[in-house]
Amino acid sequence: MTSTLRNLAIRRRNRVRSKLRRVAKNSRPRLSVFRSGRHIYAQVIDDTAGATLAAASSKDKEFKTGKGWNIDGASEVGKLIAERAKAAGVSDVVFDRGSYLFHGRVKALAEAARGGGLNF
């Protein structure tokens, strides 16, 4: 059962990434999201250079709420990643949700990043 669920997640992630490659066309960095049971992480990645331009997580010192496992914490991480991406000179990104559904914490992070000035 576990291997079947894992295989489905891998297929979903690959499907999302293949669509991103078609949309990005090597001109826009990728905003990648990872969530665990306790924390949520976001990175702005330039795939052509293979470098991370900005990163934020619920483990950062600037993180204020202390709870990365709820929607409020995810939206705060979205604001942090938007600020750091703007400081790095990035305003347009492609949103990479990985194998996660666009719901809950992932959606809250995306909406907060949009509110912070990122376009995707």
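Modeller: Phe34 is partly exposed, at 45% relative accessible area; buried means under 20%, exposed over 50%, partly exposed in between (1.4 Å probe, protein chains only). This is a predicted model: local features need pLDDT of at least 70, side-chain atom pairs count only at pLDDT 80 or more, and totals for chains, interfaces and linings use all residues. Residues are numbered from 1 along each chain as its sequence is written, and side-chain values use heavy atoms, with hydrogens and water left out.

The structure holds 4 aromatic pairs. Rings of Phe, Tyr and Trp (its six-membered ring) pair if their centres lie within 6.5 Å; planes under 30 degrees apart count as stacked, over 60 as edge-to-face and the rest as tilted. Phe34 and Tyr100 pair edge-to-face, at 6.4 Å centre to centre and 65° between the planes. Phe34 sits in strand 1 and Tyr100 in the loop between strand 4 (94-96) and helix 3, so the pair ties together parts 66 residues apart in sequence. Helices (H or I, at least four residues) and strands (E, at least two) are DSSP runs, numbered from the N terminus. Tyr100 is buried, at 14% relative accessibility. Phe34, Tyr41 and Tyr100 make one aromatic cluster.

Next, Phe95 and Phe120. Their rings are stacked: 5.3 Å centre to centre, 15° between the planes. Phe95 lies in strand 4 and Phe120 in the segment after helix 3, 25 residues apart. Phe95 is buried, at 14% relative accessible area. Phe120 is partly exposed, at 26%.
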